[in-house]
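The following paragraphs lead the reader through a single protein chain, element by element. The sequence and the structure should be kept in view throughout.

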Amino acid sequence: MVDAVAPYYKPATVFPPAFAAKLDDIALRHPVPEDRMVEAMRLVQDQIRYVSLSMGAGSYVPRDPATVILSGFGDCKDKALLLVSSLVRLGIAAEVALADLDEGRALDQHLPALRDFDHAIVKARIGAKTYWLDATNYLQGGTAHNLAQPDYGFALPLSSTGGLEKMPSPVLTSPSIQIAEEFDFPRKPGDPLVLTVFSTYEDADADWMRGNFASRSLSEVSDAYLKYYNKQYPGIQTIAKPEIVDRRDGNIVSVKESYRLPAEALAANDLAKNFPIRAADLGNNSLPTPTIVDRTGPVSLGSQFYRRHKVTVRNLKARFSGESMKNVVTPYLSLKASWSNTPTEFQVEWNFQTLASEVPAKAIADYLKTVDDVADQIRWQYDFTYEEPPADVQLSDPAKEQRQTVASMLLLSLLVGVPLFIAYRRGKRRAFGS
């Protein structure tokens with residue numbers, strides 16, 4: 001495979017003058033190799049549009065980097081070779097590698113064939129450190145120490161003779177998506193309910209959101225968010241456009257949304273009595289749900305999910321709990337729910353993550369049941385119109401009432417029985433003394 005394809009992927013040494021000047025500027029401004037690598041990656045990702053050219057020889061043979069630069073677009077092969085050529089000019093060892101987006105984790109089980117690959121990426125080396133880069137990404141964030149590297153399972157570098165190489169799978173130690181919804185119920189009749197949503201995206205999820213926001217106007221983003229909440233809370237209104245903060249080098253994207261639900265909308269259809277809360281975007285919708293009929297191979301769960309969703313409901317007139325919430329924990333995925341309360345506030349938090357990269361065929365049935373269990377545990381309804389009874393009104397307690405009745409009978413028997421007993425004793429003494 002390498003012998004057949006590698007001759008077409010030799011790094012270019014000649015660039016159009018304007019592009020060469022950009023590379024020289026990177027070298028001048030960034031003496032650290034890791035910084036040069038990230039700047040070159042962003043240059044190719046952001047300024048060369050991705051367009052697939054996969055007809056005939058174009059399915060496997062890249063175009064010359066100078067042609068790609070002048071045209072302003074290229075496919076994965078074109079952009080990978082251009083990035084490798086740029087890195088080599090900047091003094092960084094790099095080579096093109098072939099991968100498969102869908103079945104890359106099983107490449108080591110395939111016989112060598114060109115049809116097993118559908119994507120080209122870049123392997124770069126700085127000292128003892130290896131970096132995997134995808135030139136077809138757009139607006140990728142992070143620096144060398146926190147770069148979200150692609151995880152396609154295995155890759156085949158084209159200028160080495162080591163065969164397939166296992167790509168590292170990222171291990172998330174904290175949630176990469178965190179959503180916090182804060183519901184402030186009206187303090188007095190006629191006031192609206194106010195909803196504020198804080199969302200934080202990190203790592204690969206921040207890269208995806210950054211590209212998503214870049215492809216749509218702020219009004220389109222706002223409308224999409226509003227449609228989502230209007231399905232759950234009909235009549236809800238946007239108070240302000242979403243506030244988006246992008247810390248690209250830290251690879252963190254934050255979003256704040258603000259809504260109001262008028263009093264009449266909250267009262268309509270008993271919404272306050274059947275008020276829904278749910279954990280959105282936990283990743284469970286992305287889990288595969290294959291058929292178990294004649295299944296002999298494992299099911300891939302893809303890259304690891306780790307996401308958190310928190311709901312806070314304030315200004316309540318009673319103390320609410322989430323006692324019926326259950327954790328769902330298996331060797332493959334985990335959903336843990338916790339809750340806390342005060343007399344006027346109720347808070348729920350869900351943490352969802354996948355714990356394995358695949359599910360063996362023999363466990364598919366249990367896994368599918370677990371997916372359903374997760375869906376059941378992230379949607380709840382509450383009657384938030386319920387009020388605590390006044391402090392001077394005691395609720396009926398049958399056991400307590402029974403204890404009070406027994407105590408009253410004992411007291412009555414003492415009040416009646418003791419005088420009779422005393423009278424009896426006195427009568428006895430008079431009889432003996434006569």
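Predicted model: local features only at pLDDT ≥ 70, side-chain atom pairs only at ≥ 80, totals over all residues.

The buried residues in question are Phe19, Ala20, Leu23 and Ile26. When helix 2 is viewed down its axis, these residues fall within an arc of 115 degrees, so they line one face of the helix.

Helix 9 can be read in the same manner. Its 13 residues, 364-376, should span 18 Å at 1.5 Å a residue, and the 19 Å between its end C-alpha atoms agrees with this. In helix 9 the buried residues are Ile364, Tyr367, Leu368, Thr370, Val371 and Val374. Around the axis they cover an arc of only 155 degrees, which puts them on the same side of helix 9. The face turned away from this buried side carries the exposed residues Asp366, Lys369 and Asp376. What covers the buried residues of helix 9 includes strands: strand 13 (299-300), strand 15 (328-329), strand 16 (333-341), strand 17 (346-354) and strand 18 (358-359).

Of the 434 residues in the chain, 42% are buried. Among contacts between residues at least 6 apart in sequence, 68% join residues at least 24 apart. A pair of glycines gives an example of positions separated along the sequence. Glycine 250 lies in the loop between strand 10 (237-247) and strand 11 (252-261). Its C-alpha atom is 7.1 Å from that of glycine 141, although 109 residues separate the two in sequence. Glycine 250 is partly exposed, because its relative accessible area is 39%, a value that falls between the 20% limit for buried and the 50% limit for exposed residues.

The largest pocket has a volume of about 1400 Å³. It is lined by 42 residues, of which Ala148, Gln149, Pro150, Ala204 and Ser303 are the closest to its centre. Strand 5 (129-133), helix 6 (203-214) and strand 14 (306-314) are the elements that give two or more residues to this lining, and helix 6 provides the largest share, 7 residues. By class, the lining of the largest pocket holds 18 nonpolar, 16 polar and 8 charged residues.

The second largest pocket has a volume of about 450 Å³. Among its 21 lining residues, Tyr201, Trp208, Met209, Tyr225 and Asp281 are the closest to the centre. At least two lining residues each come from strand 8 (177-184), strand 9 (193-202), helix 6, helix 7 (218-232) and strand 14. Helix 7 gives the most to this second lining, with 5 residues. The lining of the second largest pocket divides into 12 nonpolar, 3 polar and 6 charged residues.

Technical notes: Residues numbered from 1 in each chain as written. Heavy atoms only, no water. 1 Å grid on protein atoms, 1.4 Å probe; cavity = no way out; pocket = protein on both sides within 12 Å on 5 of 7 lines; lining within 4 Å. Points joined across faces, edges and corners; volume = space filled by probe spheres on them. Helix = DSSP H or I, 4+ residues; strand = E, 2+ residues; numbered from the N terminus. Nonpolar A, V, L, I, M, F, W, Y, C, P; charged D, E, K, R; others polar. Buried < 20%, exposed > 50% of the residue type's maximum accessible area, 1.4 Å probe, protein only. Arc of directions from axis to C-beta. Contact = heavy atoms within 4.5 Å. Expected span 1.5 Å × (residues − 1).
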